[in-house]
Amino acid sequence: MLALRILGTLALLIVLSMLIFLLLYLAPGDLVKNLLGIRNTSPEMIAQVRAQYGLDLPLHEQYLAWLGGVVSGDFGTSIRNQTPVGALLLDRLGVTLLLSGLAFALAVVVAVPLGAASAFRQGGALDRGISGFSILGLSAPSFAVGLLLLYVFAVALRWFPIYGVGDGLADTLWHLMLPAATIAIGLGAILVKLTRTATLRELTSDYVTFARARGLTRAQVVRLVLRNAAIPVVTGAGLVLTFMVGSTVLVETVFALPGVGMLLQESVLFKDVPVVQALTLAIAAVIAVIALAVDLLYLLLDPRVRHRELAS
């Protein structure tokens, strides 16, 4: 079963690579005109540029050549910057990883306890308040939340810097706090719902009634419930990591952060095809790997599912 899951993920990535390649080449705009700009051009110059970037080859040969380079680690050369795409990605990746990690940590630390508290106080004022805020966090677009936080805490109160990443680890974390909070609000709203639902399901289970009948204390019952509710919460938390992909692109743009999201936006506007292809494929690969890892983690954490898989 593990081999089938891995093969399925690889097949999905191949299909996605085809779609990414075709969609970008079918998009409006002429790549050659972007390269040559407004200068006077001749048919010989246009033909030379097309040959340099392999645009004179049939489409299937262009795809195979590009895919072969990707497999060998060569993502091509950026049309806009005339530098290797891999070097561009590595240069921007650190900011995005740090932002994503900080946002995920904030969401988990705040949202999971709130979701559990909401379930244990079902129907009360605390439950209604937490549920209301989670609905607000789910419905609010990340760019709107970012602009609001930026205006209140950076412009009006001047508690946080407006843009940039700072110098040194501590200063960088301070600069990334508002962008991370922007992403964490939406991500945390999802985790609150997941945690609340998982905890409520465990509270209505027969083993909880039996544990209370045996005279277990409230603290012992709470620990038992939270331990069993952690399985779907952990796996769900892995899946909602994909939520950060779209949010990170928008948030990096709002806060002018030199990360992968900003690079993707700039490359799409310029139609820097090699960079857009590499970034889009990398994002798709990360999402596919996360989904596969969560699937395997669920098998590891839940012995019931693992036994069903072995039996089949």
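This is a predicted model: local features need pLDDT of at least 70, side-chain atom pairs count only at pLDDT 80 or more; totals for chains, interfaces and linings use all residues.
Student: Which residues of helix 4 are buried, and what makes them line one face of the helix?

Tutor: The buried residues of helix 4 are Q62, Y63, W66, G69 and V70. Seen down the helix axis, they fall within an arc of 130 degrees, so they line one face. On the other side of helix 4, H60, L64, A65 and V71 are exposed.

Student: What follows helix 4?

Tutor: G73 follows helix 4, and its phi is positive, near 90 degrees.

Student: Why is S100 called buried?

Tutor: S100 has a relative accessible area of 15%. Buried means under 20%, so S100 with its 15% is buried. S100 lies in helix 5, residues 85–120, and touches M244 and T248, leaving aside residues up to four places away in sequence.

Student: How do helix 8 and helix 10 pack, and which residues meet?

Tutor: Helix 8 (residues 169–203) and helix 10 (residues 218–239) pack at an angle of about 145 degrees, with their axes 9 Å apart. The crossing of helix 8 with helix 10 is right-handed. From helix 8, L191, L194, T195, A198, T199, R201, E202 and L203 meet V225, N228, A229, P232, V233, G236 and A237 of helix 10.

Student: What kinds of residue make up this contact of helix 8 with helix 10?

Tutor: The contact residues divide into 9 nonpolar, 4 polar and 2 charged.

Methods:
Residues are numbered from 1 along each chain as its sequence is written. Side-chain values use heavy atoms; hydrogens and water are left out. Buried means under 20% relative accessible area, exposed over 50%, partly exposed in between (1.4 Å probe, protein chains only). Helices (H or I, at least four residues) and strands (E, at least two) are DSSP runs, numbered from the N terminus. The arc is that of the directions from the helix axis to the C-beta atoms. Axes are lines fitted to C-alpha atoms, for helices over the stretch in contact, and angles run from 0 to 180 degrees between N-to-C directions. A crossing is left-handed if the near helix is turned anticlockwise from the far one by less than a right angle, and right-handed if clockwise. Contact means heavy atoms within 4.5 Å. Ala, Val, Leu, Ile, Met, Phe, Trp, Tyr, Cys and Pro count as nonpolar, Asp, Glu, Lys and Arg as charged, and the others, Gly among them, as polar.
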